[in-house]
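Please open the structure in your viewer and keep the selection tool at hand.

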Amino acid sequence: MSTKYNESPFFYKRRLTREVKVGDVGIGGKNPIRVQSMITSNTRDTDASIQQILQLEKAGSEIVRLTVPSQADADNLPNIRKRMKELGLKVPLVADIHFTPQVALKCVEWVEKVRINPGNFADKKKFEIIEYTDEDYNEELERIEEVFTPLVLRAKELGVAMRIGTNHGSLSDRIMNRFGDTPLGMVESALEFIRIAEKNAYRDIVVSMKASNPQVMIQAYRMLVARFYDLGMDYPLHLGVTEAGDGKDGRIKSAIGIGSLLEDGLGDTIRVSLTEDAIHEIPVAKELVRKYNELFLSSLSNPGNPIRNERETIYTEFRDPYQYSKFYSKEITIGDIKIGDMNPVRIESCFPFFGEGTAEEVLHLIQKESKSGRVPELLSFHIDSEMDLLSLATNVRRGSFPLPVSVSLSNELLYQYDALAEELYKFQKWVITPSLFLKESEESWDDLLDFVSRYAKDKRSVEWSFGVSEIEDVKLVLKECKKRKLENILFSVSDGDLLSVRRLAFLLQESDYPIVLEVTDKNKDQLMYNASIKAGGSLLDGIGDVIRLSYGDGEAEECLHLSFDILQATRLRLTKTEYISCPSCGRTMFDLQSTTAKIKEKTGHLKGVKIAVMGCIVNGPGEMADADFGYVGAGVGKVHLYKGKEIVKKGVSEVEAPELLIELIRENGMWTDPE
């Protein structure tokens, strides 16, 4: 497989794809990244469906999907189209098909796009382990071609587009047997159907690789595009983290998965899947695509940038983008906290310094969060005045802070570092912008290095912080660090994005220094999205030993929670219950939002336990493959309870199910009573 999975892992370049028209809306080509969503009402209910379609179109959803699980649902599509015409609703519709090829043939007459899932469209999904010979495998492919081809030909005839949408949670038995429950299996599943379509000269195809685990999802999309490069395919991509959940967790998980791929230049349309009313998905999706649509429009009007092109030649791929591996850094000790090597990613909390009361605020936060285990491990202060520096140093000397203290000085104070040496020695970490000294004179740079050589020892460290435009200065700093045998050193990029962190890591690949993932933003919402992409995406690349987040004069507590939530979403540190819950649709037999809320209320104190809440069996049992327990809709008012992949209680009443779930968790030794 090609090591190339995008146009550049280090500088933003959107992958150019073929244009696929969904009604009047173009996906791919020179179109902006499109935003879409899915109604949750029953497709047989015309009034409810029309109401949701209207709301979504008004909110800015450029494409709307609805589920069509049966012939009766398909039979109501003409009524929905008629009402849409009467109301002047123009948004294109997508019919979501599972299991029923005949229903797809009916739907294609009434929608602008059909979505089929290769794992359960004319394919076996019985969770059976079967040994497939090559002959068996090819026989099944021939049978699939026979069933799939009529839909392809009719879509081609009508000018209807198709999404071939693979789900990690619903791979067929045949694919599972040959490739396992892997990103590669997801890719091969889609390619089999693409080849059948191409055999019939049909190419109005969009492809997706969805998973509830952002790491699996990212790897699958990258692997798919690598295969596209090998095969000369240019199909656009539909991005989404399926079963992302609700609230802040759902937004963080979606931003990590979708945002990391958008940074890679991949993705032509997105859907954010939240366990909330569909209308709430649109603002999140718009926020995620905003930056990349602006960059893409700018690149169309200004295609050549010779300065950047020259810089790009420095960087070459240094990771395996298709599987997770930790970017190695040696262990260093800051105060009593060990960073790097096999230690967990550490949290550095930023506090405004306002004198004596700061220590009390820090202690209050630590005490408040001690039960949850979500406490900071390093404290960070930005200091603007000499008086504050003296006061902070006195507090540290007295032992007012129970954690190592990191300090960064305003530029004015930074130049006085030598005069402030006595205070600086009190702190466990000092953040320096080396570019300021490199620009001054060789003498000032040498003096600074002499000071750092004396300072960065005995559990004290220096963090070299670079602006995104100065990253190449890392080479000069590294050269001096090695010459002087400096050990207690960290590196960070103070601004920039995920791609700038990769550039930093590339320059550090021959050394073993830990990396701090710093994100600062104007407000907490902006910070949530940007930190999820920059810090979360870096962590899934295996890069990063410390997270430091801050916004304006923001609350240290909110930034602390966000740091741990990002680690939770990347599955690198589980410090609370992990929920995998789907966004609901017309197949769901119970109110997913209220049910999820009820289960969260009863189980939200279980640290590290993974619980899946699924509306139906289409993707549920597969997407919850790595969940400890599952709560899956089985019919009207009925639920199956799972332990891992195994059903342990079938068809229990929806009323009794939450208590029976608790009983199941208790039986398996994973229950603790809430405090």
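**A buried pair of rings**

Select Phe11 and Tyr315, both of which are buried. The model is a predicted one. Display the two side chains: Phe11 and Tyr315 make an edge-to-face aromatic pair, with 5.9 Å from centre to centre and 65 degrees between the planes. Colour the chain around them, and the pair is seen to link distant parts of it, 304 residues apart. Phe11 belongs to the segment before strand E1 (20-22), while Tyr315 lies in the loop between helix H11 (306-312) and strand E11 (332-334).

**Further aromatic rings**

The model holds 27 aromatic pairs. Next, select Tyr415, Tyr417, Tyr425, Trp430, Phe437, Phe451 and Tyr455, which together form one aromatic cluster.

**Charges over rings**

Select Arg178 with Tyr137: the charged end of Arg178 sits over the ring of Tyr137, at 4.0 Å from its centre. Then select Lys4 and Tyr229, where Lys4 lies over the face of Tyr229, 4.5 Å from the ring centre.

**An open sheet**

Switch to a cartoon view and find the open sheet of five strands, ordered E21-E22-E23-E24-E25 with mixed pairing.

Finally, select residues 629-635 (strand E23) and 638-643 (strand E24), which pair in the antiparallel sense over six bridges. Within this selection, Gly635 has Lys638 of E24 as its bridge partner.

Definitions and conventions. Residues are numbered from 1 along each chain as its sequence is written. This is a predicted model: local features need pLDDT of at least 70, side-chain atom pairs count only at pLDDT 80 or more; totals for chains, interfaces and linings use all residues. Side-chain values use heavy atoms; hydrogens and water are left out. Two strands pair if DSSP finds at least two bridges between them. Helices (H or I, at least four residues) and strands (E, at least two) are DSSP runs, numbered from the N terminus. Rings of Phe, Tyr and Trp (its six-membered ring) pair if their centres lie within 6.5 Å; planes under 30 degrees apart count as stacked, over 60 as edge-to-face and the rest as tilted. Buried means under 20% relative accessible area, exposed over 50%, partly exposed in between (1.4 Å probe, protein chains only). A charge sits over a ring if NZ of Lys or CZ of Arg is within 6 Å of the ring centre and within 35 degrees of the ring normal.
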